[in-house]
Amino acid sequence: MNTKRADLGFVIFIALARRSSADTARAVHKQGVFSLIRARARLAGIAAAFLCGSPLAAQVQVGTLAYQSGVSVLKTQWFDIIYPPASADAAAALAEHADALYRKACAFFCAEPEVRIPVVIAPASDIANAYYNPLPYSHIVIYDTVPDAAAAHAADYLCSTFLHELVHAVSLNFKSPAFKTLSRIAGDELSPALLNMPLSWIEGVAVLAESADGEGRLNDGFSLHTVRQAKLEGKFPAWDDATGLRDTPPAGRMPYLFGGAFAAWVRKTYGTELFAEFWKQSCTLQAFQLSPGIFEKTFGADVRDAWRQFMHSVPEPALSAEPQTARQINAKRGLFSSLTSFAGGFAWLDDNSGAVYFCTDAESKPHKLLEMHGLKRISFSRDGAFLALSRNARSGGRKSEAYIYNCFTRERIKVPADSVRDATVATLRDGARYVCAVHTASQTASLACYSFDGARVAKDAAYVLEFPRNAVPFSPVDAGYGRLACVYKNGAAWSLALFDPISGETRLFAVPEAGMTCHSLSAGVSDGGALRLYFSWATRSTFPRAGFLEIEPAGNAAWHLAQADVSGGVYAPSPLPSETLAYAGAFFGEGGIFVQRVSGEPFKALPAKSRSAAFFGVAEPEAARPPVPASAPYKPLRYWKRVALIPLPLVTRYDEDLEERWPAFLGVTVGTTDPGEQLIVYGTGSFDPFRHEGTAGIAWRGGNSSLLFDAALAASFKKDGFAQNTVRHAVSSALPLGANGSVQFLNDTLWFFGKPDGSAEWGHAARNILQASVSTVRQSGLDYHEVKGLSFAPFLDLFYSGFAPKTYQNVGAHVTVYAPYLLTRATLFPAHDEFLRGYARATLFSTEIQKGIPYVTLFVRRVSVLLAYERLYKRENDSWDIFKPAGCFGSLGAAPNEETLTLSAVPSLGINTGAFTYAAFDIYFDFMLHIRPKSPLFGFGLTGKISL
C-alpha cells in the first residue's frame, strides 16, 4: 500500500487531533502492542473531528514548532505568519503575496476576505507538504522545503501551496450568522461543509484553484495520467468510489486528481456563479441532503449522471499504432518509481517494501539486492560498484538522507549531511569520486559534491552550486568526462543541464515543447559514442513518454521524443545494452517493470538549442521587494482565547486495579492550542448515568515525536462526595534505527486514589511502565495484509496497590512477528496476575471491494476472514520472577490457563460523506470456541476499531 495506517480502538479517545502514546500503550499493554501514534494527526469528520483531527491534515506533524527558539510573527493585513529563524526568508516571500492570494482564493467563490488566519512556516519536514486545520480555529501549516519533481507543479511552490490551503479555509467557512457565532464560541471545526462534502470535493476544489492559471496538477501530464489511465483500463471509479475512503492504490491521489478534474468540469459546465453558490450551499445544514442533494438542488442534475458525463469528457490517449513489444519482467506486484542502470545490469525500487531488485540483463531473473524503508530514488555509479540510496528517514521529522551501498561488500555508508536527496556517485574531472546530491534548506536548493573514497563520505561538501528560490535541480547523474547532468526547473521553465561542478561551466537545454515537464534522468551512450540523457516527459495532453537528449562529441545535440502513448506510461527510463530501455509503468492499481528496444518505439527528432553559462544557478537580479512589515516575538498564549468545544468527554477513568473503565458519553470538552501546536491543553467533564458519577479533568500535551510528553489529572464525584482521583504522566520518544527499524521509548506513570465501587475504604494504587521497543514492522506489498517485521519490547513494570495490598516489580517483554497474512505475538509477564500470553492470527481470506454504495452513504473497503488462537497462563507473580525462570516455567503445566479459538468476519466500512471519508470502521464479528475453560463452549462478540 502507498498509504499509512493507524488503528484506534473505538473506546480510545483523542483530544484535539492527538492520541497520547501513553494512553495507547496502557490500553493495549496486556496484548503486547506498543504503538506510538503521534507523527500524524487527522480529522475524520464532524463526529470523528472531535476524536481524530482534520482530514485536511493528512500530513500533520505533531508539535510543528516544538523546541524551536527565536520564533517570530510577521503580520500582514489578513495573516499572522509565524516562523523560526531558519524560515525567515520564506516568511518574507510569503508575506509579499499572502493578502493578494487571499483575495484570489475568495474571488474564486465570489466572496471577500473576512477572517484573520495564522500561518506557520517551519522546517519540520523535508517532505513538501502543508495542511489547513480548523481545530480549534482556522490555521495553516506549511513545511518549509522545496518540492520533489512530482510535486513541482508551479512556478512558485510556496505561493501555490499556500493558495491550495487558503481555498480550504475559504470554501469550508461560508457560514450563516448563527454558525459564525457558534464557531467563535466552539471552534471553526463547526462547519456543515465537513459533514456535507467528502474529500473529493474538499481537495478537488483546492486542486482546481491551484490550476486555474495554467499551473497545478490539472495542467501536469504526470498527475493527469492517473485519471486517463483509469479510463483506458475501464476502471474509472464511480462518483461514490472516489470520495476519499479508498485505501489501496491510487488511494492517496484519488480525491485530489479525480476530485480536481471533476470540479473543473463542473465549473466549466455550469459556470462560476453557480459553482460558488454550490459551495455556499454546502456550508449550510440541509435537511436530509448531503453533497449529492446539494448538487442537484444547485445545478438541477444528479451528481452521478454528471460524473458519467465528466468521465466521457476525459480524452482518450494517443496510443501507438505499432504492436507493443515491451516485455514485463517484475515477478512481484508493486508500485515502481525509480530505475537505474550501468553496463553490467539494472535495478529498480519497489515503493511499497523499499526492496531493490537487480537484473544483469533483460533476460535474467531478478533477485533482491537490498531493502531499506522509505527509499525514494536509487542511482548506480557508472561502473556499478556503488548504488546511491536516497530516502525519507523513518522518524517523525521525515528528514531526507542518503546512503551509499557498496555492491561488492554490501556495506551501507551514510552521507553525513542532513536534508540531502537525489544522491548519485560520480567521478569529476579531477579523477576523484564524489557523492553528488541535492541539498535543501528552506525554500532553496543547492547541488553539493562530497568527497568519497569508497569507504567514507566527507561531512563537508567540496563543491556547492547554490540556486535561487524556485530554481531546483532534480535527478543528478554522472554524464562522463567529469560532468554531471540533471533536470533543472527555474520557475516555470524546465531544462536539462550538462555541467562541470568544479568549473561551473554549463550548457542548458530548454525543453522543446510548451508545457513539457521532465522527470527521472538517466545517462547512457549511443552505439556511435554520443552521450544520451534519458528521461520521462509529458505535457498536459500526453501520458508520460520516453525521451532522450543526444549530445555528440562535437557538441551538436538533438531531442528525441516518443510520439505515442503506451498504457501505463513510461516512467524512469534507463538505458540497457543493444539500444534497449528499461522503464516503469504505472497502471490504475499497480505498476510494472518493462524492457523494450528503442527502435520499437517511434521517436521524433528535434533540434536542441543550448545556452552556455558560467554557472546555471546564477539568477537574474530579483526585482526589489516592497518593504516587509517588522516582525515581533511570537506569543503563543494570545491564541489560546480561541477554543474548541467538543460535545464528548475526552477523559479516561480507571478502577482500583488501574484498568480503564467503560467511557462515559455524556459530557463536554474544551481545548485549545497555538498555531504551532507547541502545547495542547484541554479540560473536560462527564457524567455517567449508570454509576451516578461525575468526572472533571484537565490534560496537556507537548513536544514532538522526538520527545513527546503528556499529562492528565481527573477527579470523580458521586452524590456522597469525592470518589476518586487519577494522575497520569508519560514521556515518549521515537528515533529511526538502521535500514528498516525504529526505536521507541516510553515511561508511563498512573496513580489512583479513591474508593472502589461499593466500598467506603479509601486507598491508592500506582503503576509505572518503562518500556523500550525496537521495531522493523512495515508494509511489504500492495495487499493490505502484506506486513512483515519484528517488534521486541522489554519493559519494567512497577505496581503497587493498597487495596490488595500488593507490591510488584518485574521485567517483561512483548515479542511480535509479522509475516504476510500472519501475526504471532507473545508477552511474558503482561501483568502481576498473568504469566504468559500468546496470540497467533492468520488471514484466511481477504478481498478488496473499494466501492461506495450509492444512496446509503457507505463505502466498503474490503472483507476479510481471520482465524486467531490465543492462550493465557494465569499466575499471581512475585517480584522479580524474571530472575526465577525455573520456578516460573516449572509450574506452567499446573497454572490455570485460558485457550480460545476465534473466527472473525471483518468488513471494513466507512461513512461516505464529509470528513468521515478519512476513516473506516473495521467491524469484527467474532465466533469463539472456548477450548478451556469450556463453560461456555461457544461465544459471540462484536468489536471494532477505527482504521485511518
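**Close-up views of a predicted model**

Figure 1. H5 is followed by Gly-187, a residue whose phi is positive, near 110°. Within the helix, the buried residues are Phe-179, Ser-183 and Ala-186. These residues lie on the same side of H5, because they cover an arc of only 90° around the axis. An α-helix has 3.6 residues a turn, so residues three or four places apart point the same way. The buried residues of H5 pack against strand E34 (644-646). On the face turned away from this buried side, H5 carries the exposed residues Pro-177, Ala-178 and Arg-184.

Figure 2. At least two lining residues come from each of helix H3 (88-107), strand E4 (117-122), helix H4 (157-171) and helix H5 (177-186). With three residues, H5 gives the most to this lining. Sorted by class, the lining of the second largest pocket comprises twelve nonpolar, three polar and eleven charged residues.

**Figure 3. The largest nonpolar core and the surroundings of Phe-295.** In soluble globular proteins, nonpolar side chains tend to be buried together. The largest nonpolar core of this model contains 78 residues, and those touching the most other members are Phe-79, Ile-81, Phe-162, Trp-201, Phe-262, Trp-279 and Phe-295. Helix H3 provides the largest share of this core, ten residues. Another core, of 29 residues, lies apart from it and includes Ala-485, Leu-496, Leu-498 and Leu-561. When neighbours within four places in sequence are left aside, the contacts of Phe-295 include Trp-201, Phe-262, Val-266, Tyr-270 and Phe-278. Phe-295 is also in contact with Gly-300, Ala-301, Asp-302, Val-303 and Ala-306.

**Figure 4. The largest cavity and the strands that line it.** Rolling a probe the size of a water molecule over the atoms shows where empty space is left. The structure holds seven cavities of 30 Å³ or more, and the largest cavity has a volume of about 130 Å³. Among the 15 residues of its lining, Ala-546, Val-570, Tyr-583, Gln-596 and Glu-601 are the closest to the centre. Strand E26 (545-551), strand E29 (580-586) and strand E30 (591-597) are the elements that give two or more residues to this lining. The lining of the largest cavity divides into ten nonpolar residues, one polar residue and four charged residues.

**Figure 5. Gly-585 in strand E29.** Gly-585 counts as buried, because its relative accessibility is 2% and the cut-off for a buried residue is under 20%. Not counting residues up to four places away in sequence, Gly-585 touches Gly-568, Gly-569, Gly-591, Gly-592 and Phe-594. Gly-585 and Leu-335 are 250 residues apart along the chain, and their C-alpha atoms are separated by 8.7 Å.

**Figure 6. Arg-391 in strand E13 (residues 386-392).** Is Arg-391 buried or exposed? Arg-391 is buried, with a relative accessible area of 3%. With residues up to four places away in sequence not counted, Arg-391 touches residues including Met-372, His-373, Gly-374, Leu-375 and Lys-376. Lys-399, Ser-400, Glu-401, Tyr-403, Gly-738 and Ala-739 are also touched by Arg-391. From C-alpha to C-alpha, Arg-391 and His-519 are 17 Å apart in space, and they are 128 residues apart in sequence.

Definitions and conventions: Residues numbered from 1 in each chain as written. Predicted model: local features only at pLDDT ≥ 70, side-chain atom pairs only at ≥ 80, totals over all residues. Heavy atoms only, no water. Helix = DSSP H or I, 4+ residues; strand = E, 2+ residues; numbered from the N terminus. Nonpolar A, V, L, I, M, F, W, Y, C, P; charged D, E, K, R; others polar. Buried < 20%, exposed > 50% of the residue type's maximum accessible area, 1.4 Å probe, protein only. Arc of directions from axis to C-beta. Contact = heavy atoms within 4.5 Å. Core = buried A, V, L, I, M, F, W, Y, C linked by side-chain atoms within 4.5 Å. 1 Å grid on protein atoms, 1.4 Å probe; cavity = no way out; pocket = protein on both sides within 12 Å on 5 of 7 lines; lining within 4 Å. Points joined across faces, edges and corners; volume = space filled by probe spheres on them.
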